[in-house]
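Please examine the model shown below.

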Amino acid sequence: MSFFSRRPVLSLALGLTAIAAVTTTVFYPWNGDAPKVAIPFVKKPLATNMQWEAQIAPFMDAFALTSASAPAQPEQAEQAEQADQFSDPFGIAIDKNGNIFVADAGEHNRILKINPQGEVSVVAGGAEGYLDSSAKQKEARFHTPSGIALDPHGNLYVADTGNHVIRKINPQGVVSTFAGNGQAGFRDGAAGQAQLNGPIGVAVDRQGRVWVADTYNDKIRMITVDGMVHTVAGGDHPGYQDGLGSAALFDTPSQIVINSLGEAIVTDTRNNAVRKISERGEVSTLMRSEPDDHDALLRRPVGLAITHDDHLYVSELSHGRLLQIAPNGESRGVTGVDIDIIPGDDTSPRLQNPVGIAVDQRGNLLISDNAKNRVHLIRSHMQHDAAPVAPRALAKPAIKPLQLPWPLLPQDQPHEVVGTIGEVRGNYDGESRDHFHRGLDVQAAMGDTVVVIKDEKIKSPVPSWAATSINEGMRINALSYIHMKVGRTAKESNLDPQKFQLIKDSSGKLQQVRIRRGTRFHTGEPIGSINSLYHVHLNYAPEGDVINPLTLGFPGFQDSVAPHVEQIQIANRDGDILPLPIQMQVQKKSAKKKPTPEPKADGLLHLPRTLEQVSIIVDAYDQADGNLARRRLGVYEIAYQILDAQGQPLPGFEQAKLSQRFDRLPTDEEAVKIAYAPLSGVTAHGNARTRFLHNISNEIHDGHALLNYWNIKELPAGEYLIRVFVKDFAGNLATGRRELRVRIE
């Protein structure tokens with residue numbers, strides 16, 4: 001957020017950034033005949049609240065561009081009201097008149113404007129390239145515009161990441177190059193000759209100086225009012241170190257704001273840190289998480305905004321969280337996993353990749369999410385002030401079915417699938433239900449080349465991770481490729497030095513593989529080589545939520561093998577699975593001991609009513625054509641019915657009730673414990689054999705998780721039949737023990 005926007009504006013009651021500039025007319029009698037005199041009274045800004053509870057709503061998704069932005073050709077005029085949508089929304093800025101500006105990168109490469117009436121227009125851009133404009137020549141081109149900031153005169157500054165420059169758009173819409181020569185590099189000096197390297201963040205201070213997060217130079221730069229570029233802080237290589245000027249080290253700084261003291265605040269993305277730079281260039285750390293703490297509150301921070309009283313809002317990519325940091329260093333989570341999202345809660349809206357933040361004139365937060373291609377509105381749930389007027393909502397175009405090649409060579413020939421979406425996975429600390437398998441595993445030999453399956457462009461400032469580990473991978477927009485040497489052959493040669501930068505420490509050990517935001521990759525292009533896990537893992541998330549990659553229609557893939565149900569079991573509310581068959585001896589109410597199982601040979605599972613609520617557990621697995629006999633894959637869909645002794649479905653079970661469908665996965669990894677019962681897991685994480693113990697009393701489908709039980713307390717005593725319907729993605733219906741007879745007593 002630019003400095004000028006910290007002036008007092010209308011307050012929000014009990015809200016995020018309570019700011020006020022309300023003029024009140026106060027009348028004082030002068031004498032009996034004299035007119036009354038109006039004396040303006042301006043309230044002081046109110047302090048920002050650290051206790052408010054967030055309410056998230058969509059603000060801008062699919063929308064109509066105004067006629068001024070519509071195609072000029074008559075045959076295309078009818079398209080003006082068709083739904084448009086974001087390609088990669090990133091930077092957000094709000095001017096003093098309430099106009100909202102959004103940098104929409106991806107395939108659009110444009111700057112959008114939403115006026116106070118909610119009308120959307122294109123300010124500049126629309127095609128990828130590098131071209132300034134003039135009063136006569138209106139067309140301008142950008143390459144992956146990212147952070148944006150306004151000055152008090154209405155000039156908009158754009159970090160044009162792919163062109164390695166800072167652009168300026170004046171109030172008349174004329175686009176010029178403010179700093180940088182268009183070539184990636186590092187050079188201070190006159191703005192036109194200076195060099196930047198993929199800048200992502202930009203801010204303007206009260207003196208009119210433009211600050212730049214020069215992301216892939218790992219430096220903070222300043223452009224003075226006389227047009228000179230100089231480096232404020234950052235050394236010659238990425239790292240983490242506080243200090244003065246060049247003695248300090250950053251690693252992929254992504255956004256920058258200026259506080260009321262003239263200090264710069266920076267999201268230092270790969271360092272999992274928020275840093276501060278004093279006016280004399282001294283760098284210190286406001287907040288940081290350790291690199292190996294994957295559950296830390298702050299991981300991969302990118303978005304940044306500041307209030308009038310120097311409270312910070314920070315967004316992070318790892319868990320889609322929004323954080324608030326007070327000037328005294330106090331911090332808290334505002335939204336996100338482990339904050340307002342709990343396992344089994346399918347109602348909390350999720351942020352996926354929040355990358356840009358702005359505070360509007362009433363203290364509402366607008367956040368761009370470039371995974372969901374949406375701008376979110378966040379305000380206090382107690383707030384009653386008016387929210388900004390959202391653009392008129394239109395139906396978002398449906399995701400088109402795709403037919404994509406395999407991520408291995410040959411791309412047009414079938415390969416063995418050895419892992420499917422939704423399978424339960426453990427960690428190396430002994431937890432067998434740590435997370436969902438979020439994609440597709442395709443078997444390969446170590447050293448085989450991994451290739452791109454779809455033309456795409458990098459959105460994230462940090463698209464690769466875990467260099468040299470078995471979990472090394474990279475994400476290109478909607479597709480992630482994991483378990484490979486990113487950008488390298490089996491012998492560690494760089495596949496493309498123009499796209500992959502291999503960053504090593506002083507001993508020559510590889511530390512990270514850097515890929516700039518805005519880099520394009522094309523179908524069939526090599527991006528890595530298979531590591532010691534002997535497969536490539538493919539994730540597919542076209543709108544932020546992970547979707548089953550089998551929908552991509554890989555050529556030649558066959559699955560004629562039906563899934564198999566090992567058995568159906570019942571678990572109590574503690575998660576303990578009851579032995580089959582048993583007779584439960586009911587204890588007196590005063591007894592604290594659990595019911596004691598005793599064998600009974602009637603083939604029924606006896607359920608005492610004292611259990612009240614139970615879970616239905618289905619042990620099932622799948623295989624695909626070409627799998628080894630020992631291979632076990634996860635199933636795609638489970639539904640079930642409960643029938644009485646006469647074979648009539650109970651109310652609500654007239655049709656098979658859908659329990660689990662692994663079409664889209666919940667954002668929250670903890671939902672894996674909703675889908676699977678204890679003792680689930682795979683061999684690599686401590687179990688004797690792969691087991692998928694599905695808790696079908698709960699629901700997992702359409703990206704949601706819902707916790708539930710089978711309530712037996714109110715059912716009449718007698719026999720009941722549980723029947724399950726298990727399918728794979730190809731639609732094959734499972735064989736095996738698909739029914740369980742129980743007696744409630």
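**Charged pairs, strands and a surface patch**

Glu-492 is partly exposed, with a relative accessible area of 37%; buried means under 20% relative accessible area, exposed over 50%, and partly exposed in between (1.4 Å probe, protein chains only). The model is predicted, so local features need pLDDT of at least 70 and side-chain atom pairs count only at pLDDT 80 or more, while totals for chains, interfaces and linings use all residues. Residues are numbered from 1 along each chain as its sequence is written, and side-chain values use heavy atoms, with hydrogens and water left out.

Glu-492 forms a salt bridge with Arg-488, the closest N and O atoms being 2.7 Å apart; such a bridge is a side-chain nitrogen of Lys or Arg within 4 Å of a carboxyl oxygen of Asp or Glu. Side chains of opposite charge can pair when their charged atoms come close. Arg-488 also meets Glu-472 in a salt bridge (2.7 Å, N to O). Arg-488 lies in the loop between β40 (484-486) and β41, and Glu-472 in the loop between β37 (464-465) and β38 (473-476), so this pair ties together parts that are 16 residues apart in sequence. Helices (H or I, at least four residues) and strands (E, at least two) are DSSP runs, numbered from the N terminus. Arg-488 is buried, at a relative accessible area of 2%, and Glu-472 is buried at 2% as well.

Asp-160 and Arg-167 form another salt bridge, with the closest N and O atoms 2.6 Å apart. Asp-160 is buried at 0% relative accessible area, and Arg-167 is buried at 0% too. A network of salt bridges links Asp-61, Arg-374, Lys-396 and Glu-543. In the whole structure, the search finds 41 salt bridges.

Strand β41 (residues 501-504) runs antiparallel to β42, joined by four bridges; two strands pair if DSSP finds at least two bridges between them. Gln-501 has Arg-514 in β42 as its bridge partner. Five residues lie between the strands of this hairpin, where Gly-508 takes a positive phi near 90°. In β42 (residues 510-514), four of the five residues are buried.

Two bridges join β14 to β18 (residues 228-233), and Gly-189 stands opposite Val-229 in β18.

Finally, Asp-292 lies in the loop between β23 (282-288) and β24 (301-306). Asp-292 is exposed, with a relative accessible area of 62%.
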